[in-house]
Amino acid sequence: RAEGRIGPLPFTFPLISAIYRGDYEDMRAAIDYVLEPGSEFVDIYISYRSPRKFPEDVPAALHGFMYTKRMRPFARNTGFEPEGQLADLSFIDDTGPSFSYAIPGDTLEAVLSVSGFALNLGEGFTIDACGETRRLHARLTIGGSGVDGIVTTLADVEGTTLREISGVVRDAQGSPAEGVRVHAISADDAYLTRATSDADGSYRLHVPDGLAVSLVSYRVGDESSTVDVAAAQSQADITLAATGTISVTSIDQDTQSALPVRIQLFPTTQNLNPMPSHYGEKALPQGRLHVEYSMDGTADFRVPVGEWEIVVSRGYEYELFSELVTVTANNSSTVSASLEHVVNTPGELCADFHIHTIRSADSGDDVLLKLRSAIADGLELPVRSEHEYAASFAAEIAELGVEDWAYGVPSVELTTMEFAGHFGVLPTMPDVTKRNGGAPIWQRFTDLANPTRALETMLPPEIFSTLRALPERPAIIINHPRGGANYFAAAGFDPTSGMPSNPDYWDEDFNLVEVFNDSDWQANFSETVADWLALLSIGRRVFAVGSSDSHAISNSPVGYPRTCLALGSDDPRAMTNDLVRDTTAAGQSRIVGGIFVDASVNGVGPGGDATGLGANTQLHLVVQAASWVDVDSIDIVVDGVTTTIAILPADADPTDPSIRFEKDIDIAVSSDPNAYVIVAAYGDQTLEPVHRGRIPFGVSNPIFLAQ
């Protein structure tokens, strides 16, 4: 039993407030989970105790589900895109128990699915006056693993007869094919179930008795095939079309040693035909058959017959390697890639402070996959920032044996839902003995020591003060400050006046803002960049960070953009949490979205004070980028005034073409004590074929100027 007051959850309330216009906070409720002896399901009852003199009609029963990125919603006949009126809603785990949720005698109406949260509605009900009302809210049935595990369990509970279909999946040469998904579809295109072939190629699944079905096979690197199975048939073997293989080996051109790389395979002569989305297979990654993040530079790929382009990359500091390969049936091809390191960044390591994995409710990405992608793309400081859960990549870095390439700083994204925004807390040391790994709290709850205390939400200044008092003395990053109920919007910050309209929310000490969240200089110029410049103009020494906020690696790459820190070392093993925190907080960094901007005044770089300058001074500017990164323009921002310079091909260094621009530029120095200069460089062609759809840019943090 769970018991307490009735109140709205901050995240869901804006979504359901139009339905639930009433206030139920004078009522108490209890949720009972009841497993009767011998039963195969758990019944969920909710009791309401009302002090009201009249009955209360509730317009709809709410059924909400979190973590749908971990366990995808599934409905019989509909598949993995549940919609409309549903008899039941299942959540699928292919390696552990799946479960089904239903309302006896009613249906679930799928309303929306957002950020890992699925909202469904059931019929309304009445809470009796002056007493207690108990009602059966839902039924929970636990099944076996995968779709077929829950389908067979539900059939047992309902007394429905199913027919088993089994067989063996073989490749074109007759060998068992492991890891092939077999989908069962009815003649009217209803999705029934699926299974995966094991090490000897065998599979088994269950469909309604007496029903003819089609079995559709799928495995990345194979062409899909379909086998029709008659209504009385219980055995069906599947033979896959012939394929070939491509083996890739990658090395650093200078050192001739192996290195982590990203390897991508693009079709040139054939179309990729992904499975229908309601089959529940992962979508192919933006027009590519394979994207492999290899820690030793090697990978083997199974591919259909045809011509393929292999692209090998290692983030922004290296040139690309590309080669066309023609694959023939049952044959192997080899590719040897040598990557040239062209952008040198001595004493600097790059961080992405905002990376989500499956631990966050709105991300389904595997932890090791996320980490491998970061390292393969040349990111040395990958920072886990799970919603309300303190964690790091340290254990996974050790597991992969990549300590030479990466260091994991522990962190958390403090997530105040629809209240005041999200905040990166760097570092936050995980403590597995505490709730949510020791994530800091931002609300005071009723607990055993304070059973009558009402829920209390701290205002942002108190939240920040509490965070700063932690033993780690963390830096606080204002994540994605605009949009919805995020911090600058919640505080009513006006970039014109530099003042908040809601001063109770405003903290006077924060100095790190995620100005660039999976976005570039020009896209942010009228919003978060304008906020940043407004804060600088009133004397707030606020520094920008750029991070990916990657939730799904399929459409949000880790490390675009990244914050590159002047740490005085290229060695991740030499890092400490305190060093990363202090360098970040001091603004000794630049934001890199493919372009490296090196700006200095009298040898003073970002975050520093250049003094004794006179009315004019020289800004030394170097812009570096690999040849596959487009660089067109430079913006020089002095005290909020922007001057744009076009970069011409002739500006490149003929002896080092990665240096796209290097000059000393005269800038005026005002007597304003808040004077500063920021430099941004950018292009207009996307970062194909690595970070697809992203615009290249680079930005320095401010250098402060004094006459």
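Q: Where does Asp-639 lie?
A: Asp-639 sits in the loop between strand E44 (633-638) and strand E45 (641-646). Bear in mind that this is a predicted model.

Q: And what is phi of Asp-639 near?
A: Phi of Asp-639 is near 50°, which is a positive value in a residue other than glycine.

Q: Why does Asp-639 count as partly exposed?
A: Because its relative accessible area is 29%, and partly exposed covers what falls between buried, under 20%, and exposed, over 50%.

Q: OK, what about Asn-436, what's its phi?
A: Asn-436 has a positive phi of about 55°, although it is not a glycine. You'll find Asn-436 in the loop between strand E31 (422-426) and strand E32 (443-444).

Q: How much relative accessible area does Asn-436 have?
A: It has 35%, so Asn-436 is partly exposed.

Q: New topic: charges. Which residues gather in the patch of negative charge on the surface?
A: That patch brings together Asp-598, Glu-662, Asp-664 and Asp-666.

Q: Which strand gives the most to the negative patch?
A: Strand E46 (residues 659-668) does, with 3 residues.

Q: And where does Asp-598 lie?
A: Asp-598 belongs to strand E41 (residues 596-601). Its relative accessibility is 39%, so Asp-598 counts as partly exposed.

Q: Switching to prolines. Is the peptide bond from Tyr-560 to Pro-561 cis or trans?
A: The bond from Tyr-560 to Pro-561 is cis, and its omega is near -10°. Pro-561 is in the loop between strand E38 (543-547) and strand E39 (562-566).

Q: What about the peptide bond from Glu-688 to Pro-689, what's omega there?
A: Omega is near -5° for Glu-688 to Pro-689, and that bond is cis. As for place, Pro-689 is in the loop between strand E47 (676-682) and strand E48 (697-700).

Q: Last one, helices. Which residues are buried in helix H9?
A: In H9 (residues 577-585), the buried ones are Asn-577, Val-580, Arg-581, Thr-583 and Thr-584.

Q: Why do residues three or four places apart point the same way in an α-helix?
A: Because an α-helix has 3.6 residues a turn.

Q: And what comes just after H9?
A: Just after H9 there's Gly-587, which takes a positive phi of about 70°.

How values were computed:
Residues are numbered from 1 along each chain as its sequence is written. This is a predicted model: local features need pLDDT of at least 70, side-chain atom pairs count only at pLDDT 80 or more; totals for chains, interfaces and linings use all residues. Side-chain values use heavy atoms; hydrogens and water are left out. Patches are made of residues with over 30% relative accessible area and no salt bridge: like charges are joined within 9 Å, nonpolar side chains (Val, Leu, Ile, Met, Phe, Trp, Tyr) within 5 Å. Accessible areas come from the Shrake-Rupley method with a 1.4 Å probe; for residues, only the protein chains shown count as cover. A salt bridge is a side-chain nitrogen of Lys or Arg within 4 Å of a carboxyl oxygen of Asp or Glu. Lys and Arg count as positive and Asp and Glu as negative; His and the chain ends are not counted. The place of a charge is taken as NZ of Lys, CZ of Arg, CG of Asp or CD of Glu. Helices (H or I, at least four residues) and strands (E, at least two) are DSSP runs, numbered from the N terminus. Buried means under 20% relative accessible area, exposed over 50%, partly exposed in between (1.4 Å probe, protein chains only).
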